[in-house]
Amino acid sequence: MSDATLHATAPDPDDFAVQISDQIESFIVAVTEIAKGDEPDSAIPFLLLEVSQLMLAGGRLGAHEDIVPDERYEPDLGPEQDVDELRERLALMLEPVDVYSEVFDPYEPRKPRVAARISDDLTDVVTDLRHGMAHYRAGRVTEALWWWQFSYFSNWGSTASATLRALQSLVAHVRLNQPLDDLDGLDTDEDLAAAEDTLAEEAGQVMVEEIAGPLGLRTVK
């Protein structure tokens with residue numbers, strides 16, 4: 001892509017910056033709407049779809065050559081938008097399947113698994129994306145693309161991909177008629193290996209009742 005393309009001001013629907021910003025804005029809007037809890041029975045499949053689509057934008061940013069911002073120092077955007085309500089709504093809606101286990105870097109040998117939360121991850125991703133969107137809406141297109149690309153590599157890319165695996169696993173467990181082990185009591189502050197020794201079936205059955213039934217899927221035996 002040429003430098004002129006990044007600095008173009010016309011809203012060309014085929015422009016790289018326009019496409020990336022549209023995908024990111026769509027994700028932010030969708031997650032905010034899902035978090036309202038109006039359709040809790042389909043929340044997890046919808047989140048799976050939205051995160052999958054966001055990862056396409058991330059992949060395009062990752063494959064692009066390094067984007068260099070116009071200014072040496074990032075302009076001050078003022079205070080970040082509060083995301084506590086979004087985090088709380090997601091956590092309430094996703095309970096008790098909010099917590100999952102993850103390895104931060106698969107290339108670090110003997111790296112132990114840690115517990116993470118889908119609600120925390122989605123909120124962190126939205127925060128990163130909103131930061132870049134503020135630049136984009138202020139007309140600093142190159143700055144926005146630089147931030148989205150940089151934060152894709154440094155934070156939201158790995159966070160979103162981990163969340164995607166967790167959401168895909170949840171849907172797969174239901175669709176393949178495989179009950180989940182109980183996640184009740186698994187906490188992000190606990191030792192994951194110790195917590196696994198006490199897992200049972202309750203959370204898996206709750207997930208089936210809340211997700212599989214309304215979606216018309218098979219009941220886990």
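Predicted model: local features only at pLDDT ≥ 70, side-chain atom pairs only at ≥ 80, totals over all residues.
Visitor: How are α2 and α3 oriented to each other, roughly parallel or roughly antiparallel?

Guide: Helices are DSSP runs of H or I with at least four residues, numbered from the N terminus. The axes of α2 (residues 16-35) and α3 (residues 43-63) come within 10 Å and cross at roughly 160 degrees; axes are lines fitted to C-alpha atoms over the stretch in contact, and angles run from 0 to 180 degrees between N-to-C directions. Angles under 35 degrees count as roughly parallel, over 145 as roughly antiparallel, 65 to 115 as roughly perpendicular and the rest as oblique. The helices α2 and α3 are therefore roughly antiparallel.

Visitor: How many nonpolar residues are in the contact of α2 with α3?

Guide: The contact (heavy atoms within 4.5 Å) includes F16, I20 and F27 of α2 and F46, L47 and L61 of α3. Ala, Val, Leu, Ile, Met, Phe, Trp, Tyr, Cys and Pro count as nonpolar, Asp, Glu, Lys and Arg as charged, and the others, Gly among them, as polar. Four residues of this contact are polar and two are charged, while the nonpolar ones number 15.

Visitor: What is the distance between the axes of α5 and α6?

Guide: Helix α5 covers residues 118-137 and helix α6 covers residues 141-175. They pack at an angle of about 160 degrees and are therefore roughly antiparallel. Their axes are apart by 9 Å.

Visitor: Which class of aromatic pair do W146 and F150 form?

Guide: Rings of Phe, Tyr and Trp (its six-membered ring) pair if their centres lie within 6.5 Å; planes under 30 degrees apart count as stacked, over 60 as edge-to-face and the rest as tilted. W146 and F150 both lie in α6, four residues apart. Their centres are 5.6 Å apart, with 10 degrees between the planes, and the pair is stacked.

Visitor: Are Y152 and W156 buried or exposed?

Guide: Both residues lie in α6, four residues apart, about one turn of the helix. Buried means under 20% relative accessible area, exposed over 50%, and partly exposed in between (1.4 Å probe, protein chains only). Y152 and W156 are both buried.

Technical notes: Residues numbered from 1 in each chain as written. Heavy atoms only, no water. Helix = DSSP H or I, 4+ residues; strand = E, 2+ residues; numbered from the N terminus.
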